Amino acid sequence: MHAVFGRRSAFAGLSAAAALGLGLPMLIRSAAAQPAAPAAPPGPAQAPGFFRFKLGDFTVTMVHDGFSPRPNPLEGFIRNATPADVEQALREAMLPTQNLPNPFTVTFIDTGRGIIAFDAGTGGGQLGGRTGTLPANLRAAGIDPAAVTMVAVSHFHADHITGLTTADNAVVFPNAEIWVPAAEWAFWSDESNSGRAPEAQRGTFANTRRRLTPYQARMRQFQDGQEIAAGVRAMAAYGHTPGHSVFYVTSGAEQLFVMADTSSRPDLFLRNPHWQSVFDVDGAMATETRRRLFGRIADDRARFTAYHFNFPSNGYVSRWGEGFRFHAAEWMSLE
Ligand SMILES: [Zn+2]
């Protein structure tokens, strides 16, 4: 395979050289100077899906959990934009207009006192397709789910809580307390609210019961503004769901916002903060929350993580026209 490739590129070089009118002796020299193609790839097919950075004394690890494609993002995805507007935004961002990947990335923070998972992922493939790479990537990152001491849940959509339990309803985090927004619990634990939820989200009531019941004795509810761990404060970010919450993390002089689904893909929803996704329970409130919180993050020049940004799903925003521009974080070694 590689030998064939090598020969082919030598031929390509030959005809290019001929086209340039180069003489034969030079041509032979340049072909001989081609390095031999390696017999096998130099390592694994891809780097493992984790990305690590320091935040004061804390260590943050972003762990990829795969993605699911949206077959036709132009129709029925953004409630208050025309297909032409969505198509233009996708094209400008070099994103596909069919099978748009929705990526999942879970934030883990080692505070020195314990490991906090911010949401639980999609459950190792339980949501099908190319979801569920979290367990393998966690192993690669050296994080044992049994070492997780807290799961801080942003909201109860399936891609955020299904990973609390296996397909057989066994707990995935045997030593963790599960902290959930009180407002989120109040809504999704009461099926009489089903008339207030979009039809496509009605399964969230049953999934909430299924994923949280095994943790009943270890489940805690938090309020807006509550410090759930030293240096970790919950903040209401309602709209996407009735109790959707984000987290403000500080260590030393450094700060980080864990933004969950306040915005999905930045090229759509930060560029156009008024766009309402089909997943928003209250789109107008979600827009207000997005503008307010990302405005603060931009003005503070604060770092943040998100759940549905392109991996590794963290960085900065600046104000840009009517919206915001995303600036992906730099890769750095930790030494
Ligand atoms: Zn989500």
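Strand E4 (residues 115-118) and strand E6 pair in the parallel sense over 4 bridges, where helices (H or I, at least four residues) and strands (E, at least two) are DSSP runs numbered from the N terminus, and two strands count as paired if DSSP finds at least two bridges between them. Within this pairing, Ala117 stands opposite Val151 of E6. Strand E6 is also joined to strand E7 (residues 177-181) by 3 bridges, again in a parallel arrangement, and here Met150 stands opposite Glu177 of E7. Of the 5 residues of E6 (residues 148-152), 4 are buried, so this strand is largely enclosed by the rest of the structure; a residue is called buried if 20 or more other C-beta atoms lie within 10 Å of its own, exposed if 12 or fewer, and partly exposed in between, with C-beta atoms placed from the backbone.

The model is a predicted one, in which local features need a pLDDT of at least 70 and side-chain atom pairs count only at pLDDT 80 or more, whereas totals for chains, interfaces and linings use all residues. Residues are numbered from 1 along each chain as its sequence is written.

When residues up to four places away in sequence are not counted, Val258 touches Thr107, Phe118, Val246, Phe247, Val249 and Thr305, contact being defined by C-beta atoms, placed from the backbone, that lie within 7 Å.

In helix H4 (residues 134-141), the buried residues are Leu134, Asn137 and Leu138. Seen down the helix axis, these residues fall within an arc of 105 degrees, so they line one face of H4, the arc being that of the directions from the axis to the C-beta atoms. They pack against strand E1 (50-55), E2 and strand E3 (100-110), and just after the helix Gly142 takes a positive phi of about 75 degrees.

Overall, the secondary structure comes to 9 helices and 15 strands, and buried residues make up 39% of the 335 residues in the protein. The average pLDDT, the predictor's confidence in each residue from 0 to 100, is 91, and 89% of the residues score at least 70. Over residues 1-28, however, the pLDDT is below 50, and this stretch has 16 contacts in the model beyond near neighbours in sequence. Where pLDDT is low, the predicted coordinates should not be read in detail.

Terms used: Contact = placed C-beta atoms within 7 Å.
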